[in-house]
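Biologist: I would like to learn how to read aromatic contacts in a model. Can we work through one case together?

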Amino acid sequence: MAPRNRIGVGLIAVGWMGRLHSRAYLAAPIHYPELNTQIDLVRAADPDETGRAHAHEVLGFAATDADYRAVLDDPRVDVVSICAPNFLHQEIALAAIAAQKPFWIEKPMGRGARESEQIARGAEQADLVTAVGFNYRHAPAVAYARHLVRSGAIGTVTNVRVSMLADYSADPAGALTWRFLRQRAGSGVLGDLLSHGADLAQYVVGRIASVSGMTETFIRERPMPLRGATSHFSRGDAEGPLGVVENEDYAAALVRFDSGVLGVLESSRVAVGPRAEYGFEVYGTGGSLRWNFQRLNELQLADDKSGYRTIMAGPEFGDFARFQPGAGTSMGFDDLKTIEAALFLRSVVERRQLAPSAGDGWAAAEIVDAIERSAESGAWERVPVVTARTTFDAPATD
Ligand SMILES: NC(=O)c1ccc[n+]([C@@H]2O[C@H](COP(=O)([O-])OP(=O)(O)OC[C@H]3O[C@@H](n4cnc5c(N)ncnc54)[C@H](O)[C@@H]3O)[C@@H](O)[C@H]2O)c1
């Protein structure tokens, strides 16, 4: 057997996403044996001791540090995952670029379009492949929806609805973590959820050209976090003072695509009822389809005049067959990240951009920024075309 490609992995931040990236690196060569890759978890960094202990004792990283620079300085690290809070993304990504390490970075890639542009341009100038955590793209039912839309199976697309509704911040007792502070997070639900929705819309239908947006903060004050609390789901100090929420809980926008297709994007982090209802609907002259993350293994399709029917994802949809042999056996969120890890590793091994790119991260950030500008100005705002490599419009890969 040919020698396997050894890929040394460095991880920056061992929170929810950092742990998930690590599991995905380990799973990818099992589901994609042709990668012929041996994953070596070399070094993980997190200022929090619990995170470092998890990285070493549970995930199996050989070494840990409090300072992320130790990861970038380690010559055995070939690729890096950047899973820190948003305010650190730009600094860490630029340091990874300077260290010539391909990186897989979580969304939102930067705090807004300018930081995202700098990251995308820097990676491209250094000729590095990248990956951005637009995981919903990888659901096999989404891949199939894209195929149906782009092959004309639902006729000419007329309009699109993207709805990203969550309840993760619906409890006013939820802590005022970094996610609610401008300097630390940038925008609120726009960067956190609507960036996923913007990417999904562009991936399935095409580029969004202009927007008319509005934003609102419904829960304006929250209790301060207890020590160590950072997660979406942390409760605050019920006895202590309240602090001000600095970014939006809700955003919505009318959009026009380059193709003339019309659309509506909507996102909330404080919706009571939907848990993680992240989905889209595409309407065409010959049919319609809709998908929702809470039922990620299903696609609803109306391709005649008898209304929607539900199709279960199966081996003919996207990468489904890498995970299960037959329709009806469900895939989960971790599997979407495994598909993303495999795309990233393949991009690194083959030195060509296959995973959602830093250019895609920048493109989504331009939509988010345009919605913010529009909410401020009350006018329609143009979404600038990004000049870095994007993948959302790429034909399906082999
Ligand atoms: N793709 C997705 O669906 C998805 C889902 C959740 C979060 N995210 C994104 O992932 C990123 C992280 O979110 P999370 O939910 O994992 O957060 P988290 O709060 O669970 O973890 C953040 C981690 O970063 C660590 N950290 C803080 N400062 C650091 C530093 N200087 N160096 C290294 N580590 C540091 C913290 O100690 C913590 O362990 C965010 O950008 C978020 O938007 C993406």
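Biologist: Is W16 buried, exposed or partly exposed?

Modeller: First, the ground rules. This is a predicted model, where local features need pLDDT of at least 70, side-chain atom pairs count only at pLDDT 80 or more, and totals for chains, interfaces and linings use all residues. Residues are numbered from 1 along each chain as its sequence is written, and side-chain values use heavy atoms, leaving out hydrogens and water. Buried means under 20% relative accessible area, exposed over 50%, partly exposed in between (1.4 Å probe, protein chains only). W16 has 47%, so it is partly exposed.

Biologist: How many aromatic pairs does a search of the whole structure find?

Modeller: A pair of aromatic rings is described by the distance of the centres and the angle of the planes. Rings of Phe, Tyr and Trp (its six-membered ring) pair if their centres lie within 6.5 Å; planes under 30 degrees apart count as stacked, over 60 as edge-to-face and the rest as tilted. The search finds eleven pairs. One of them is W16 with F333, tilted, at 6.1 Å and 45°. This pair links distant parts of the chain, 317 residues apart: W16 is in helix α1 (residues 16-31) and F333 in helix α9 (residues 333-350).

Biologist: Is F333 buried or exposed?

Modeller: F333 is buried, at 19% relative accessible area.

Biologist: Why is the pair of Y136 and F333 stacked?

Modeller: Their planes meet at 25°, with centres 6.2 Å apart, so the pair counts as stacked. Y136 is buried too, at 6%.

Definitions and conventions. Helices (H or I, at least four residues) and strands (E, at least two) are DSSP runs, numbered from the N terminus.
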